[in-house]
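Visitor: Hello! I have just opened this page and would like a friendly tour, please.
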Amino acid sequence: LERCLVTGNEANQYAGGTFGGTINNCLITGNVGSYSGGTANSALKNCTVTDNTATHASFGCGGAYQGTAYNSIIYYNNGNTPNVSGNFAGFKYICTTNSYLPASSFAVTNEPSFVNRPGGDYRLVYDSPCIDSGNNAQAAGTPDHDGNPRLQNVTVDMGCYEFDPADAPSIPGAWG
């Protein structure tokens, strides 16, 4: 999948959002699955996986189970394990709450600071810790979810939207 919105899906087992495959610059939100609400065994690059729910009482991973994730935001998911679970070797340059990820994952654990999460706007605000925090090699040549160039500065951002400094408000905090 490329630059897709995956939302409002349900699965009796595994992932409500995506199961397997390569997922680039996609927004995966509002999905429900037993073992994984967002994704399972998928290869994510520059994706935002948020507000998904896993329903399995003892095993459910709300965000991304197994697979790989690069330059992605996996945050605000619900489940026994909220955001990421499985083999962590394939999770690099991600924003998530899982502070037990190895240092080699280059994870950001602070909140991503979305423009308007309750309103469904998952773009980043000007002071988000996810801006310029990715790995350029994992995003080369691909546009963001809106079709804009992936590099607006020196380093790629985490998540499916690249922050454009020209869109920043003139008053700090105006996008909260």
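This is a predicted model: local features need pLDDT of at least 70, side-chain atom pairs count only at pLDDT 80 or more; totals for chains, interfaces and linings use all residues.

Visitor: How many helices and how many strands does the protein chain have?
Guide: Welcome! Here a strand is a run of at least two residues. By that count, the secondary structure of the protein chain comes to zero helices and 16 strands.

Visitor: Why is the protein chain said to be as compact as a globular protein of that length?
Guide: Begin with the extent: the C-alpha trace spans about 45 × 30 × 30 Å along its principal axes. For 176 residues the globule rule gives 16 Å. The chain comes close to that, so it is as compact as a globular protein of that length, with a radius of gyration of 15 Å.

Visitor: What share of the residues of the protein chain count as buried?
Guide: A residue counts as buried if its relative accessible area is under 20%. Of the 176 residues in the protein chain, the share that passes this test is 45%.

Visitor: How many residues of strand β14 are buried?
Guide: Strand β14 covers residues 91-95 and is mostly covered. Of its five residues, the number buried is four.

Visitor: How far apart are the mean positions of the positive and negative charges?
Guide: The protein chain has 6 positive and 13 negative charges.

Note on methods: Residues are numbered from 1 along each chain as its sequence is written. Side-chain values use heavy atoms; hydrogens and water are left out. The radius of gyration is taken over C-alpha atoms; the globule rule is 2.2 Å times the number of residues to the power 0.38. Buried means under 20% relative accessible area, exposed over 50%, partly exposed in between (1.4 Å probe, protein chains only). Lys and Arg count as positive and Asp and Glu as negative; His and the chain ends are not counted. The place of a charge is taken as NZ of Lys, CZ of Arg, CG of Asp or CD of Glu.
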